[in-house]
Amino acid sequence: MSAGAPQIPIIVLKEGTNDSQGRGQLLSNINACVAVQDTIRTTLGPLGADKLMVSDRGEVVISNDGATIMKLLDIVHPAAKTLVDVARAQDAEVGDGTTSVVVFAGELLREARNFVEDGVSSHSIIRGYRKAAQLAVNKIKELAIQLDLSDEAKLRDLLMKCAATAMSSKLIRSNTSFFTKMVVDAVLTLDREDLNEDLIGIKKVPGGSMEDSQLVNGVAFKKTFSYAGFEQQPKYFKDPKILCLDVELELKAEKDNAEVRVDKVQEYQNIVDAEWRIIFAKLEAIVATGAKVILSRLPIGDLATQYFADRDIFCAGRVANDDLNRVVQTVGGSIQSTCSNIEERHLGTCNTFEERQVGGERFNLFEGCPKSKSCTLILRGGADQFIAEVERSLHDAIMIVKHALKNNLVVAGGGACEMELSKYLRDYSLTISGKQQNFIGAFARSLEVVPRQLCDNAGFDSTDIMNKLRMMHAKGDRWAGVDMASEGVANNFEKFVWEPSSVKSNAIMSAAEAATLVLSVDETIMNEPSKQPQGPPQRGGMPPGAAQRIMRGRGRGMPR
């Protein structure tokens, strides 16, 4: 081909594929993430605003929880979805700091935008951000203060302060003293080695006020579906034996269960009698154990319900799987899949069992359990959306207390930790030469977004307060942070605004990873949505799926 001949375009991608690349695409991705940050940043801190979101089905959610908002925003931009993932990861790992991590990741990208526009290689920025994130996490380990876990009374007080900090930005902040005690009591009932928060059950009952919420030191679950004879059963026991089953105690209609060919009516009667004898044998074996409370994952029918009522035994069938597991964790014993050979060690016990009315619902409550490793929070409130937000707030506080108890390392909140890290990284950046100085300095500036946004959301003069904070940290006051009470600055460690160090470390690493991930993308390829074939197949053509059926058929010995 001669040198002057025109180049023939080579088509590699399918027609309709959207392909965009280069610096413009990278800036577009950064702008999308910054737009998400602008949406969520107003919810940060004790005086942050709530968001009201309405789904396409008309369901209303009011929340300022970062992970919840990010999940409900239904973001379609592929790069901005990384911020959704980072918020979910923060929520799953440490439970709190979901708004902070999105705001910080967005600020890292905002700082990086200036470098990208100036033509700096994104890989140089990524290298600087990763170095800065590692330095920041190492510095947090130096700054963190270890809690004394030996004194139980002192430990409880410290955990309550951590829970109060987590609740300060939530809807329940006006009832902080009431809920902090409830949350700390709930976490301290768990096994210290495991600290499985799934064993803290949360039940929601509309009606009443928030102060009507209660902590059941044991297990509580809503009354299950009941059959005739249930109301004749006793609803209160003192020191009962409790048997948990995975057995169905119900007669089945023969036509549904089996096909039997008989010659005489008597033979059919024998089959029916055999089924009755089998279920009665199961019931007699259960009564012989001495258990007074029978729970089963499977249905307990009207025959068994009446049988137990005649013998002053309480039963509940179709108990939810998680509720039954929490009962076993609390009262002891084990779940039995058969009614034979049940021994004393298979049974649990508790001080009191009763069925109690809570609002408009009836609950079964097991209290005073000797092997109590579980508890239940019964939440009350006026509206369903309000109770749902209380549940989310308590979940964050529970996770914070769990991490403080597990890692027993805390730092000051209110932007104090971020300002100290910013000062440390800014000083470090001045000791190195080259481009990395700028990138680590940009990371340091990004950390200041947290205290600045706290001031903006509260209506404070952010410029004045940020200048004071920089001055105090330069003088060595490492715990100086934003004080919401005095609209100024204060030593937040002395004011007991505490957060587990793991929350900060995880937020910084997650945000840095999300930012570097977005910066590493220079091309986006979006395939055209697949179109389903319309109408019947053309004459002489093969119907949809025929080729697949032929290929599957050849494996069964069809000729090739």
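The largest pocket in this predicted model has a volume of about 870 Å³. Its lining is made up of 44 residues, and those closest to the centre are Pro-46, Thr-165, Ser-168, Gly-414 and Val-497. Several elements supply two or more residues each to this lining: helix 4, helix 6 (152-167), helix 13, helix 15, strand 18 and helix 17 (501-519). Helix 4 gives the most, with 5 residues. By residue class, the lining of the largest pocket divides into 18 nonpolar, 16 polar and 10 charged residues.

The second largest pocket holds about 290 Å³ of space. It is lined by 14 residues, of which Glu-197, Asp-198, Leu-199, Ile-200 and Gly-201 are the closest to its centre. The elements that contribute two or more residues to this second lining are strand 5 (200-206), helix 11 (321-331) and helix 12 (384-407). Here the division is 5 nonpolar, 3 polar and 6 charged residues.

The pairing of strand 5 with strand 16 (residues 375-381) is parallel and runs over 7 bridges. Within it, Gly-201 stands opposite Thr-376 of strand 16. Gly-201 is also one of the residues closest to the centre of the second largest pocket.

Helix 15 (residues 449-458) leads back to the largest pocket, to whose lining it gives two or more residues. How much of helix 15 is buried? Of its 10 residues, 8 are buried, and the helix is mostly covered. The buried positions are Val-449, Val-450, Pro-451, Gln-453, Leu-454, Cys-455, Asn-457 and Ala-458. An α-helix has 3.6 residues a turn, so residues three or four places apart point the same way. In helix 15, the buried residues pack against helix 1 (23-40), helix 4 (98-117), helix 13 (416-429), helix 14 (436-447), helix 16 (462-474) and strand 18 (480-483). After helix 15 comes Gly-459, which has a positive phi near 85 degrees.

Another glycine with positive phi is found in a hairpin. Strand 2 (residues 51-54) and strand 3 (residues 60-63) pair in the antiparallel sense over 4 bridges, and Leu-52 has Ile-62 of strand 3 as its bridge partner. The hairpin has 5 residues between the strands, and Gly-58 takes a positive phi there, near 90 degrees.

Positive phi values also occur in residues other than glycine. For Asn-341, phi is near 60 degrees, and the residue sits in the loop between strand 12 (335-336) and strand 13 (348-349). Is Asn-341 buried or exposed? Its relative accessibility is 68%, so Asn-341 counts as exposed. The cut-off for exposed is over 50% relative accessible area. For Glu-487, phi is near 55 degrees, and its place is the loop between strand 18 and strand 19 (488-491). Glu-487 has a relative accessible area of 54% and is therefore exposed.

The protein chain as a whole has 18 helices and 21 strands. Of its 560 residues, 48% count as buried. Among contacts with a separation of 6 or more, 75% are between residues 24 or more positions apart.

Definitions and conventions. Residues numbered from 1 in each chain as written. Predicted model: local features only at pLDDT ≥ 70, side-chain atom pairs only at ≥ 80, totals over all residues. Heavy atoms only, no water. Buried < 20%, exposed > 50% of the residue type's maximum accessible area, 1.4 Å probe, protein only. Contact = heavy atoms within 4.5 Å. 1 Å grid on protein atoms, 1.4 Å probe; cavity = no way out; pocket = protein on both sides within 12 Å on 5 of 7 lines; lining within 4 Å. Points joined across faces, edges and corners; volume = space filled by probe spheres on them. Nonpolar A, V, L, I, M, F, W, Y, C, P; charged D, E, K, R; others polar. Pairing = 2+ DSSP bridges.
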